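Trainee: I would like to learn how to read a few computed features of a model. Please take them one at a time.

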Amino acid sequence: MITPPRFHGFGLGLRRDHYADFLGDERQPVDFVEIISENFMVEGGRPLFTLDAVRERHAVAMHGVSMSIGSAGGLDRDYLRRLRTLADRVRPLWVSDHLCWTGIAGHNTHDLLPLPYSGEALDIVCANIALAQDVLERPLLFENPSSYVAFPAAGMSEWQFLAEMCARTGCYLLLDVNNIYVSARNHGFDPIAFLDGLPADRVRQIHLAGHSEGDGLLIDTHDAPVCDAVWALYEQAIARFGPAATMIERDDAIPPLPVLLEELARARHPLEVARAKAAA
Amino acid sequence: MTLAALQTRFHGAITGSGAPDDAGWDEAQRRGLAVYRNAYRMRLVETLRASFEKTWSWIGDDSFDTAAIHHLVAHPPASWTLDEAGRGFADTLVELFSGDPEVAELAALEWDMSQAFIGADAAAASAQDFAVATAAYTDEDWAAMRLDFVPGLAVRPVATDCAAIWHAIADGGPIPSDASLPAPRAVAVWRRGFQPCFRMLDDDEGESFALLRQGATFGSLCEMLIGLHGAEEGVRRAGSFITRWITDEIVAAIY
């Protein structure tokens, strides 16, 4: 098993709009990049060439969207094998996906669908994680998703579910601060209680992103800068979990790279404050 | 309700073609289901628009989106990769645009290009490679020669000049007023370096491709072309095809 390292850098999601920046003469000032694994689970061509070239310069985290770890129908073993092949090629910091399900009975919605936080769901998720970690030969990270439907009668809070999932499987957490904020607003829970309920030693990575207002719901659109309320929640997270690999996610309305680098600089601030306090 | 039952109901509520089954969901859940339902359709239609950009441009937003939703209802995505949602879309367009065969042929061309883009890497044989490989060939060796083609090569029969339509849309050139061909031809799609490319094949070039891809020898190819064109022209055509394929970087190996 390859344990995810304690890696405290700052990074960005590698998106096609910025390939030329990352392949240019100038090395971009990031400590790591995160790739969407499925975009590179191909036979050959430009995607893998680009990935190999970026990997020569930067540490890479692999982030997937199709594992469907909460699927009652089990996991797609062909998918896991292909993911393993990519991981062997990339030698990533870690491999992550989402606490969600994407489809059932052979169909795939390609969305991150919400789970009921029940004992039965926990059993299924933990069994699926055990299989995935066995194939990947490493503990995985799972991200808390944004959700628009909740199942309050299921029994557990999301953070209780995440904590129990980590304890039973040895997996780690990719904490998406924006998703906590979005789900807290949509379902009326306290985001601080969410942070307080997580096992601090399992948080290896943090996502920051923007969202938009829908019809009575916040929607996790990744098409806008991180809002002030999410920055404030991020400071709370850092205060509890200490430094973790932190990055900005932008998947739509993607600005030029310097704009994202400037936004990423803001993520460094809480850590600099904490270090200054510690040194005083 | 078991997790499997809940997921089946949830999936049906967001992917069904009719009105969603609201029974059993409270008001907040119904509002959230509408978000997932809308996102499901939007994401998949946008994926097909991106994969079939020229086809979308050719038939317009409304016709394309109607066809895309028809395809997604008839063939719900099953693969772990969203890119596979476009598999079979050209067949759907054959059914929906039976009077306009160029629509499905343009979509098939775009699909083949997308597959070539991510196909396995392989070095194409150069003219020098070919010269070295065949330098000491006897007549018997030439007759027994076989070719391997680059991975991702696709050759499809077409009844319309979908290649001209593709170029007209891509380059902003004149749109062919009548895209139908006087006789069926074939279009080949492959990748040169990292770039997918294609061209319409000459008269019996498609048939020649098919023969060699089935493992036939150069001698068999010559026999077929001699039967069609006579000895001198048949051999000349066989040689010119191979020269062209080498130049096009379609040949991977000579053996």
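This is a predicted model: local features need pLDDT of at least 70, side-chain atom pairs count only at pLDDT 80 or more; totals for chains, interfaces and linings use all residues.

Mentor: Residues are numbered from 1 along each chain as its sequence is written, chains are lettered from A in the order in which they are written, and side-chain values use heavy atoms, without hydrogens and water.

Trainee: How many helices and strands are in chain B?

Mentor: Helices (H or I, at least four residues) and strands (E, at least two) are DSSP runs, numbered from the N terminus. Chain B has twelve helices and five strands.

Trainee: What radius of gyration does chain B have?

Mentor: The radius is taken over C-alpha atoms, and the globule rule is 2.2 Å times the number of residues to the power 0.38. For 255 residues a compact globule would be near 18 Å, whereas chain B has 24 Å. Along the principal axes, its C-alpha atoms fill a box of roughly 80 × 45 × 30 Å.

Trainee: Which residues of α2(A) are buried?

Mentor: Buried means under 20% relative accessible area, exposed over 50%, partly exposed in between (1.4 Å probe, protein chains only). In α2(A) the buried residues are A:Pro47, A:Leu48, A:Thr50, A:Leu51, A:Ala53 and A:Val54. Their cover, by contact (heavy atoms within 4.5 Å), includes α3 (77-90) of chain A and α6 (101-117) of chain B. In chain B, buried residues make up 43% of the 255 residues.
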